[in-house]
Amino acid sequence: MSRDVRGRDAVDFDRELELDRDRVSPDVVTLRARVRQGSTARRDCYARAVQPARRPRSFDPTVYRARRDRVAANYLDGGVLLLHGGELKTRSNDTHYRFRPDSDFYYLTGLAEAESVMVLRPDRSPSFVLFVQPRSPEAELWNGRRCGPEGAVSIYGADVAYPLSEIDRRLPHLLDGCERLYVPQQQPGPLQPVLDRALRRLARRNRYGEHAPHVLEDARRMLGEERILKDAHALDCLRRAVEITSEAHIEAMRNTRPGIHEYEIEALLEYHFRRSGSTGAGYTSIVGGGANATILHYIDNCDPLRAGELLLIDAGAEWDFFSADITRTFPISGAFTPAQRDLYEVVLRANEAGIAQAAPDITIDVIHEHCLRELCSGLRDMGLLRGSVEELIETDAYMPYYMHRTSHWLGADVHDAGLYCVSRKPRPLLPGFVFTIEPGLYVAEDDPTAPEELRGVGIRIEDDILVTEDGAEVLTHKVPKTVRELEALVGQAVA
Ligand SMILES: [Mn+2]
């Protein structure tokens, strides 16, 4: 076999052998060379026929085509949209995290394959172009199926699709002459070098009549406005995610008892997510007992749960890459102490006051204010703060106990895309928006001004809300949150 046929690796390997020759015995050198050339069996194991590309379970191309059409009609304004589907992320050395596609990319394509790139050019032909990893018996044997350019067309409906290796050659032509280009500007990520090369190439070719886009716009901002109004498929996914998450929270409540560990509850929640067919948690589950609940994003989940303390669970399943987001707090031994119950009732009143406001034309700032009023009047009644509710809000006196906002958009991302302010003013809710209401109170473990029995108590109650034509629907209504319901349910499975 000549060096030319064997390619660069073999040539490099031979060089390495030359260097090695002085250091190792001739036998070892011969053995290594034989291994490098490979046995027939070794070559044959990759020579299997490539299976036909598989359509993912429950993939409906009309959902994604309708979204691309809406984006073209409502936002692109004659421009071109360029998105990357997300990279495979290294966990350590040569192992990776499970791939999770970029939300914007998946929203418009339904394609969950790493390294894919989409070019959407509604006014031109071809208008929907995908770059994907090519079919490869060896890569697919190790790492899983790929759709390849053929599947990108036949399954995902691309007008034309190319292997990723052709992107540098083809992208300049696809962008040539377009005035306006939409790319994710906050986190261009892996797209940046590809785009830079394409734009440089177009600039170089300018005197031959080619020209690069004049205006760069932020694709995330634009797509946030599309994604904030949930279509039927998004709502179906959210409802399914909420359903699974609700069952998981109830299971967690039923199985909580003193002595069980936070990680056991985490495992139980995520067991339920996965056994229900969910891709898993939409964010790292927060399972915090006692003072761990006062750490807003506590994810160590490593401690045993103690009688007399509260457990805060903030966890949500993802369904087809849409996430639920539910928080509940309840007593580990099944009964609140009087002080815990009083503080819990304050947060519950705030949660209900916020929900009562949810309706079209209301802003989430108004909902936040209603929650704040309940929290401040409760903190005052319990002796944690002094002064009028107006004063406490005016001076941010509540901040040591409530340091986060009440709401965020919810969808493909748990903190979903979409502007919170339009023209610097909080935007009114519209039917089809989905958001959370999640007031909380957190008393630091070492707060000398707080009554002893409240130190290290953290409470949050979070529901997912769909704005409807005439009000709002609490998607998460099945998860108990009154004191009576919780006390009846906690520990039932282990009693
Ligand atoms: Mn949340």
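This is a predicted model: local features need pLDDT of at least 70, side-chain atom pairs count only at pLDDT 80 or more; totals for chains, interfaces and linings use all residues.
Local features were taken at pLDDT of at least 70 and side-chain atom pairs at pLDDT 80 or more, while totals for chains, interfaces and linings use all residues. Residues are numbered from 1 along each chain as its sequence is written.

Helices (H or I, at least four residues) and strands (E, at least two) are DSSP runs, numbered from the N terminus. Six strands form an open sheet in the order E6-E5-E4-E1-E7-E8, with mixed pairing; two strands pair if DSSP finds at least two bridges between them. Strands E6 (160–163) and E8 (215–218) each have a single partner strand and stand at the edges, so one side of each lacks a neighbour in the sheet. From one strand to the next the twist averages 20 degrees, with axes being lines fitted to C-alpha atoms and angles running from 0 to 180 degrees between N-to-C directions.

Strand E1 (residues 80–84) pairs with E4 (residues 117–120) in the antiparallel sense over four bridges, and Leu82 lies opposite Val119 of E4. The pairing of E1 with E7 (residues 180–183) is parallel, over two bridges, with Val80 opposite Leu181. E7 also pairs with E8 in the parallel sense, over four bridges; here Tyr182 faces Glu217. Together with helix H10 (residues 191–204), E7 and E8 make a right-handed β-α-β unit (with the strands pointing away from the viewer, the path from the first strand over the helix to the second runs clockwise).

Helix H12 (residues 232–255) has 24 residues, which at 1.5 Å a residue should span 34 Å, in agreement with the 35 Å between its end C-alpha atoms; the expected span is 1.5 Å times one less than the number of residues.
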